[in-house]
Amino acid sequence: MNKPRLKFKNLPKSSFNHTVRQRVNAYFKDNDIRMYGDYRMWIKLVFILTGISSTYLSILYIGSDIEHIAPAWGVWIILLLACLLGTFIALAGLNICHDAIHGSLSDKKWINNIFGMLFNVIGANKYNWENMHNKAHHIFTNVDGYDEDL
């Protein structure tokens, strides 16, 4: 079933976009807030990446010698670590990669690009995210049948 093409009127005399951009920039300036990630974002980034690497290495270590390390509880420990690893990976996608692909992690484009590519490492795809999220979601936010996130 093809849905009708949805278009928004682009009125040349409309100043909506310009006014919103001006007000947002003024808000950041008036409240002395950076438009990019500050030290708290980098602490969160280190926490999440440390969580991913430490739980992954723990799974490898315990799984390699499960009979000697944790004979009775080994499977349950591995399962718990796998759930924890999944949580950290989800946090990486929803926090680090999302902000990087939007260009708000850092004011340096190459840093945003590197952390955006983390999506490819955790099993998603940066290119698809840019198209589905930035274009299909942000252009049609909460429009039933057009917003891919609904």
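This is a predicted model: local features need pLDDT of at least 70, side-chain atom pairs count only at pLDDT 80 or more; totals for chains, interfaces and linings use all residues.
1. The largest nonpolar core has 19 residues. A nonpolar core here is a set of buried Ala, Val, Leu, Ile, Met, Phe, Trp, Tyr and Cys residues joined through side-chain atoms within 4.5 Å. Buried means under 20% relative accessible area, exposed means over 50%, and partly exposed is in between (1.4 Å probe, protein chains only). Inside the core, the residues with the most contacts are Ile 52, Ala 92, Ile 96, Leu 105 and Phe 115.

2. Which elements give two or more residues to this core? They are helix H2 (39–64), H4, H5 and helix H6 (118–121). H4 gives the most, with 8 residues. Helices (H or I, at least four residues) are DSSP runs numbered from the N terminus. Residues are numbered from 1 along each chain as its sequence is written, and side-chain values use heavy atoms, with hydrogens and water left out.

3. Not counting residues up to four places away in sequence, Ile 52 touches Leu 85, Phe 88, Ile 89 and Ala 92; contact means heavy atoms within 4.5 Å. Ile 52 and Ile 89 are 37 residues apart in sequence, and their C-alpha atoms are 6.6 Å apart in space.

4. Now for the helix pairs. Two packed helices are described by the angle between their axes and the distance between the axes. Axes are lines fitted to C-alpha atoms, for helices over the stretch in contact, and angles run from 0 to 180 degrees between N-to-C directions. The axes of H2 and H4 come within 9 Å and cross at roughly 150°. That makes H2 roughly antiparallel to H4 (over 145 degrees; under 35 is roughly parallel, 65 to 115 roughly perpendicular and the rest oblique). By class, their contact has 20 nonpolar, 5 polar and 2 charged residues. Ala, Val, Leu, Ile, Met, Phe, Trp, Tyr, Cys and Pro count as nonpolar, Asp, Glu, Lys and Arg as charged, and the others, Gly among them, as polar.

5. How do H4 (residues 74–102) and H5 (residues 109–116) meet? Their axes come within 8 Å and cross at roughly 140°, and the two helices are therefore oblique to each other. Ile 96, Cys 97, Ala 100 and Ile 101 in H4 meet Asn 112, Phe 115 and Gly 116 in H5. This contact has 5 nonpolar, 2 polar and no charged residues.

6. H4 also meets helix H7 (residues 126–139), with axes that come within 11 Å and cross at roughly 70°. H4 and H7 are therefore roughly perpendicular to each other. His 98, Ile 101 and His 102 in H4 meet several H7 residues, including Trp 129, His 133 and His 138.

7. Finally, look at two exposed residues. Asp 32 sits in the loop between H1 and H2 and counts as exposed because its relative accessibility is 74%. Asp 32 has a positive phi of about 50° although it is not a glycine. Arg 5, in the segment before helix H1 (16–30), is exposed, with a relative accessible area of 73%.
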